[in-house]
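Open the model in your viewer and keep the selection tool ready.

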Amino acid sequence: MDKPLTLLNHIAPSFPVPTLHLHDQVQTLDQKLTINGPSKLSGHVHISGSKNSSLAILAATLCCSGTTKLRDVPNLSDTRAMGSILSSLSAEVEVSGDEVLINADGVSCVEPCRDRVKEIRGGFFVIGPLLARFGEAAVALPGGCDIGSRPVDLFMRGLRALGAIVELRDGKVEARVRNGRRLVAGKFRLDYPSVGATETLMMAACLADGVTILSNVAKEPEVIDLAHFLNNSGAHIEGAGSSKIRILGQSQLHGTECTITPDRIEAGTFLLAAAITRSCINISPVFPSHISSLVHKLQTAGCRIRRSGRDSLEVSAVCENGDRVFRGFNVTTSPFPGFPTDLQPQTMALLTTCNGLSRVEESVFERRMTHVQELQKLGARIDLSGSRALIYGKEKASCFLFPSALVGSELTAMDLRGGAALVLAGLAAEGRTEISAAGHIYRGYEDIDRKLAGLGADIQISSSTASVLA
Ligand code: EPZ
């Protein structure tokens with residue numbers, strides 16, 4: 001009979017929401033965005049810190065003794081949920097504006113609040129640092145966008161390769177170090193370059209005994225941002241951003257200060273907002289190399305995109321080819337540096353306003369096409385078969401004032417990025433578009449209604465029951 005997990009006995013106390021001094025108003029799923037289009041955008045939009053980097057780095061603070069200070073942490077329901085997960089483990093979490101102070105020295109249990117973990121995929125990533133630092137962990141299977149089966153087999157097999165006993169029991173993954181002391185370094189090749197598994201195994205290996213080699217890993221900028229944070233905390237990680245990462249385990253890591261990298265998916269979404277409304281805007285901060293696959297596609301479609309500063313881009317979607325419409329293009333999503341799956345729905349929205357036939361293939365997640373039926377409600381012409389969509393764009397019929405044939409309607413956001421696609425389509429559509437369940441969108445876009453209004457869009461947020469954002 002396996003030795004019962006000790007710290008587990010201390011099941012997470014029912015914790016109050018941590019003292020996050022953020023918006024008094026919590027976004028709820030039953031919010032509604034109302035957009036009157038078509039819109040013309042202009043001016044500059046500020047890009048917030050990356051949601052996905054923040055989630056991984058917040059989890060990684062569990063590896064560190066002392067206090068860690070993070071800057072540019074976006075105010076999102078997902079980052080608040082991660083704050084609650086850390087608090088449920090008795091870590092101290094203090095937020096003021098976009099700065100977060102975390103001290104995990106007081107962590108007294110290794111089973112985070114199940115309800116919070118079920119809200120976000122990133123919640124599961126704490127299994128790595130908890131197991132590495134405390135020798136055991138029990139984490140519920142995660143939630144997050146319903147865009148595919150999203151198993152955690154690579155996490156479990158990777159942790160076993162670091163000498164842990166890992167079992168799936170009652171909807172949670174229980175893990176403990178075999179020798180009762182530390183994880184033991186090892187070699188693990190991921191069958192698929194999973195972002196979450198790469199990040200979680202990298203965090204665990206930082207405190208393992210010896211040199212770990214992880215191969216066929218994810219190369220996303222968020223993985224590099226996490227490695228940068230961990231190395232600043234005293235870790236020895238080499239190769240982040242390549243397909244092989246080498247980690248020399250340390251006995252402990254220390255608190256540090258770190259600024260979260262700008263959100264490349266938010267940046268890409270605003271580039272697409274400019275394109276779909278045939279507008280010209282500036283966005284910053286952004287690292288062009290983080291969204292080069294999108295920039296390339298938009299340039300082939302007819303966009304002019306240029307650096308307008310050290311970390312800023314100007315996108316002008318005034319058609320250069322003189323025929324006043326945009327050329328369609330084909331997209332197949334794949335791991336970085338391929339075309340990001342998190343920009344697929346928003347790109348499809350643009351393609352419904354382009355000229356000619358375009359093809360979109362989703363190869364990362366098996367169920368990320370729920371936005372198609374909603375776009376069709378606006379009059380988009382899309383044939384869907386499985387994870388492949390054919391988009392019949394506009395012909396030369398339309399006049400240059402209203403480049404889009406989309407017409408406003410009542411829509412429902414099904415998930416985060418699908419919801420963002422509906423916002424973009426609503427900006428281009430003629431008339432009024434209402435998007436319910438808009439809370440999905442605020443999981444990944446800080447103040448999206450205010451930012452778009454700042455660019456000249458006619459957009460409001462409201463909610464049937466919950467408080468309305470001022
Ligand atoms: C991260 O999710 C992001 N989330 C996702 O962003 C993003 O879409 C995804 O990476 C891909 O870029 C966070 O960082 C919190 P994966 P993650 O593991 O880690 C399969 C957004 O909109 N897989 O790289 O969950 C899996 O089923 C979100 O911001 C296994 O088979 O993605 C999927 O098909 C959505 N076994 C593929 O790998 C495993 O153990 C890629 O998933 C793990 C994953």
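How do the residues of the shell around the ligand divide into nonpolar, polar and charged? There are 11 nonpolar, four polar and seven charged residues in that shell. Here Ala, Val, Leu, Ile, Met, Phe, Trp, Tyr, Cys and Pro count as nonpolar, Asp, Glu, Lys and Arg as charged, and the others, Gly among them, as polar.

Before you go on, note that this is a predicted model, in which local features need pLDDT of at least 70, side-chain atom pairs count only at pLDDT 80 or more, and totals for chains, interfaces and linings use all residues. Residues are numbered from 1 along each chain as its sequence is written, and side-chain values use heavy atoms, with hydrogens and water left out.

**Stop 1: the ligand shell**

Select the 22 residues around the ligand; a residue qualifies if one of its heavy atoms lies within 4 Å of the molecule. Asp 153, Ser 194, Val 195, Asp 342 and Val 364 come nearest.

Now show polar contacts (pairs of N or O atoms within 3.5 Å). A backbone N or O atom of Leu 154 lies 2.8 Å from a ligand oxygen. Val 195 also places a backbone N or O atom 2.8 Å from an oxygen atom of the ligand. At Arg 417, pick the side chain: one of its polar atoms lies 2.8 Å from a ligand oxygen.

Next, colour by element of secondary structure (DSSP runs: helices, H or I, of at least four residues; strands, E, of at least two; numbered from the N terminus). Helix H1 (51-60), helix H5 (153-161), helix H6 (195-205) and helix H12 (416-428) each give two or more residues to the shell.

Then colour by domain, with bounds from an automatic or database domain assignment. Domain 1 (31-47 + 262-463) and domain 2 (51-259) both contribute to the shell, so the ligand lies between them.

**Stop 2: the loops**

Most residues other than glycine have a negative phi, and most peptide bonds are trans.

- Select Pro 38, in the loop between strand S2 (31-37) and strand S3 (42-46). The bond from Gly 37 to Pro 38 is cis, with omega near 0°.
- Move to Pro 285, between strand S17 (280-284) and helix H9 (292-301). Its peptide bond from Ser 284 is cis, with omega near -5°.
- Pick Asn 216, between strand S12 (211-215) and helix H7 (221-232). Its phi is positive, near 50°.
- Finish at Asp 447, between strand S25 (431-436) and helix H13 (448-454). Its phi is positive, about 55°.

Terms used
A polar contact is a pair of N or O atoms within 3.5 Å; within protein, one must be able to donate a hydrogen and the other to accept it, and residues adjacent in sequence count only if both atoms are side-chain atoms.
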